[in-house]
Amino acid sequence: SLSFILCWLDMNKLVFFILLAFILCVSAEVPGQVLNLDPFSLQLPTGTPGHPTIIYQPQLNTFQEQPYFYVNGTGVVFLAYVNGTHTSGSEYPRSELAESATWSNSNGQGTHTLTVKEAYIHLPKNRPEVVGAQILSSNGEICQVRLNDNNIVVYGASGNPTIVPNYVLGTVFTLEIVAANGQIKIYYNGDLKLTFNKSGSGWYFKSGAYVQSNLTYDSPSQYGQVNIFAVQIQHS
């Protein structure tokens, strides 16, 4: 009968909406479900001048904040506008993970490796430069892997050499930075691209979007974005 058919349609509509709500709930991941964030804290381009927001563990494992740090597809978006908050020791904003532990790179001090699967997605218009991974210390920058326009360049090595020319935005790649016995080696998709000598202590890895622009160069609507699909730190 007509009343039976209408009842059946109403029941199935209810089941459909229940299933839809369940699917949306299950798929509503936070970055900590996509990446292993245990070794890290997160600096955001928010906060007060000279004092950007920093999210520490254990809060970071369940944290997200659009548009700066959230899940998109199978990766995590790291985004910073050029007018974002930065530290007093920097001119530029970032949405970036920072390793919580420090280590030394000298003879007999072990091997220290950052492996990150990532893609540069967007660069500021007038100063198109974004750091996707780096080693830092309390004394300053040790090395940076930076996209300058369409070239991936290593700052901190002699001459700031290009390791990947003609990079196309959105191209996913795997980067490895290996520090051991007073040397740093940079691998791109498994190929050794650069080896150079540098030693020191108090070092730590960083990865995300460290935008090398500000309002001196670009309008407030400009931003840098890096998507990260996997990140791992190993010390042996």
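Start with the contacts, taken as heavy atoms within 4.5 Å: of those in the protein between residues at least 6 apart in sequence, 67% join residues at least 24 apart. You are looking at a predicted model, where local features need pLDDT of at least 70, side-chain atom pairs count only at pLDDT 80 or more, and totals for chains, interfaces and linings use all residues. Residues are numbered from 1 along each chain as its sequence is written, and side-chain values use heavy atoms, with hydrogens and water left out.

Next, select strand E16, residues 223–235. Strand E4 (residues 75–81) runs antiparallel to E16, joined by six bridges; strands pair if DSSP finds at least two bridges between them. Here Leu79 faces Gln225 of E16.

Show the aromatic rings next. Nine aromatic pairs turn up in the whole structure, counting rings of Phe, Tyr and Trp (its six-membered ring) with centres within 6.5 Å; planes under 30 degrees apart are stacked, over 60 edge-to-face and the rest tilted. Zoom in on Phe69 and Phe78, an edge-to-face pair at 5.3 Å centre to centre, with 65° between the planes. For a cluster, pick Tyr120, Tyr167, Phe173 and Tyr188.

Finish at Arg94, which lies over the face of Tyr210, 3.7 Å from the ring centre (the criterion is NZ of Lys or CZ of Arg within 6 Å of the ring centre and within 35 degrees of the ring normal).

Notes. Helix = DSSP H or I, 4+ residues; strand = E, 2+ residues; numbered from the N terminus.
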